[in-house]
Amino acid sequence: MAEPAKPEVTEEAKMDLLEDDDEFEEFEIDQEWDDKEEGKEALQQWEDDWDDDDVNDDFSLQLREELESNASKN
Amino acid sequence: MAAYLSMGEAHRRIGDYLSRVVDAISSSDGAALASLIAVSSAPGSTSLSDALATFPDFPRLAGDRIPHLADLLVPLLRAIHSHSLQRFADAYSSFEKAASAFLQEFRSWETPWAMEAMHTVAFEIRLLAEKADRELATTGKNPDKLQAAGSFLMKVFGALAVKGPKRIGALYVTCQLFKIYFRLGTVNLCRSVIRSIETARNFDFEDFPVKDKVTYMYYTGRLEVFNENFLVADQKLTYALMHCNPQSESNLRRILKFLIPVKLSIGVLPKRTLLETYNLLEFDKHVCVVLSGAIVTHLGRYTMLLIEICARGNMTFQYADVVTSLKRGDLRLLRQALDRHEDQFLKSGVYLVLEKLELQVYQRLVKKIHIIQRQKEPAKAHQIKLDVVVKALKWLEIDMDLDEVECIMACLIYKNLIKGYFAHKSKVLVLSKQDPFPKLNGKPV
């Protein structure tokens, strides 16, 4: 009767391989939590006013250099 | 590994199990019944399985002892027995028979006392069907059990989605159905259950248990992503994020995996503080530990949790470059990020969403060119020569000729990402003096 232990391990491993990572994990049947308190902060994690006029970052400085060097060649 | 079991002992154990099921039903103990019929995880199922192996005549024992529940108990014992022998296709077929008999009993009970057991049946049948299909596929047979489990769960849904106290259990079954349909790639089948849930006049959605509401919003949010309804997807996934158990990191991570691209597509970015912190987490865990103490006072517990989750799930890796490309107007970076994670993005169904960000990145690049020109020569800043755009793109290793760039500018104007007109002869884009780069402000492109 020592035999059945082995296939169980391979079965588990196979299941993991085929696991759909986007599948929502089951909550325990009696799992409860306070969803009123924590949730509010989730709304404050985003910004829609990021599109500023700042062109002093590295990327913009390199872009400027590139455009100016090309302009002088023309 | 089972020790030797006498026939008498096996007989006693099976009899004991049968009377526990009968007791649970007669005393309306839903939790006890649920644990007894959980084939894959029933407590003490090993000792029961050993008894079933020792006493092969168990179907007759069950039929003789408890004839009025034989339709339920005989196939249930067979399912437990086959499952313990890892014959999953057989276990599935028996369990489906037991489940049908159980559903019939459940319909006849007026109160929803057995809801937990009904949910256990719904969960178990899905799990068993998945195991059975894997077994069938490896032996070259047609894996059709998960589909069959879906048909059975539609019957369960029908028994629950009615007026009255049983309706509260309908959303759980809906979520099991979603898991099956997403797994099988038949997501269009979700539509009829969604309609039934959302059009009910006599039951308020908010009255369902929170765990089922969160799961439901995650899946319906993903469906809206597939259908490119980004505003509705945003509402549903945000609901899921707000109400999800803060302890359930893997589920929060799954929600963010879809919510971040949706937010990006309507011009909303994850906060800079959040992003900078994930980058630090990515580069150096020690810096993170030092910083997290300082940051936690500003950001609060929930934010820290989200940061941790994103970092652990490698979300940084997947999305940080995409976000940076939007901020910079860096098309090369966007393309690199899409290439690097192509398989994963395609598999999750977010690739097309992210690919569409390209127009926003073009808008940002043209805006940067405009600002740089304005600083140098304010009078001519609203005229952008197309060959300047071609040069900027070449610098980003993107080879495009004037015609192609013209086509993209026309598209930006058409989509209202740029206000202005195009002077075709002189190859110049003339920007409107007022708000030449309208913001999306939470609207899709």
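Hi everyone, a few conventions before we start. Residues are numbered from 1 along each chain as its sequence is written, while chains are lettered from A and ligands numbered from 1 in the order in which they are written. Because this is a predicted model, local features need pLDDT of at least 70 and side-chain atom pairs count only at pLDDT 80 or more, whereas totals for chains, interfaces and linings use all residues; side-chain values use heavy atoms, with hydrogens and water left out.

Let's begin with chain A. Its secondary structure comes to 3 helices and 1 strand, where helices (H or I, at least four residues) and strands (E, at least two) are DSSP runs numbered from the N terminus. The order of elements from the N terminus is α-α-β-α. Of its 74 residues, 31% are buried; buried means under 20% relative accessible area, exposed over 50%, and partly exposed in between, with a 1.4 Å probe and protein chains only. Chain A exposes about 5200 Å², with 48% of that from carbon and sulfur atoms; the areas come from the Shrake-Rupley method with a 1.4 Å probe, and for residues only the protein chains shown count as cover.

Now chain B. Here we have 22 helices and 4 strands, and 56% of the 445 residues count as buried. Among contacts (heavy atoms within 4.5 Å) with a separation of 6 or more, 64% are between residues 24 or more positions apart.

B:Ser265 sits in helix H13, residues 249-265, and is buried at 7% relative accessible area. Beyond its neighbours within four places in sequence, its contacts include B:Phe230, B:Val353, B:Leu440 and B:Val445. B:His83, in helix H5 (residues 70-84), is buried at 13%. Leaving out residues up to four places away, B:His83 touches partners including B:Val39, B:Phe88 and B:Leu128.

On to charges. Side chains of opposite charge can pair when their charged atoms come close. The structure holds 28 salt bridges over all chains, each being a side-chain nitrogen of Lys or Arg within 4 Å of a carboxyl oxygen of Asp or Glu. Which one is my pick? B:Lys327 with A:Glu47, at 3.9 Å from N to O. B:Lys327 lies in helix H16 (residues 315-328) of chain B and A:Glu47 in strand E1 (residues 46-47) of chain A, so this pair joins two chains. Both ends count as buried, B:Lys327 at 15% and A:Glu47 at 18%.

Within chain B, B:Glu9 and B:Arg13 pair at 3.1 Å; they are 4 residues apart in helix H1 (residues 7-26), about one helical turn. Another pair is B:Lys213 with B:Glu206 at 2.9 Å, where B:Lys213 is buried at 6% and B:Glu206 is partly exposed at 39%. Shared partners also link A:Glu23, A:Glu26, B:Arg126, B:Glu130, B:Arg134, B:Lys179 and B:Arg183 into one salt-bridge network.

Last stop: a negative surface patch formed by A:Glu28, A:Asp30, A:Glu32, B:Asp29 and B:Glu116. Patch members have over 30% relative accessible area and no salt bridge, with like charges joined within 9 Å. A:Glu32 lies in the loop between helix H1 (5-17) and helix H2 (39-42) of chain A, and is exposed at 72%.

Key:
Patches are made of residues with over 30% relative accessible area and no salt bridge: like charges are joined within 9 Å, nonpolar side chains (Val, Leu, Ile, Met, Phe, Trp, Tyr) within 5 Å. Lys and Arg count as positive and Asp and Glu as negative; His and the chain ends are not counted. The place of a charge is taken as NZ of Lys, CZ of Arg, CG of Asp or CD of Glu.
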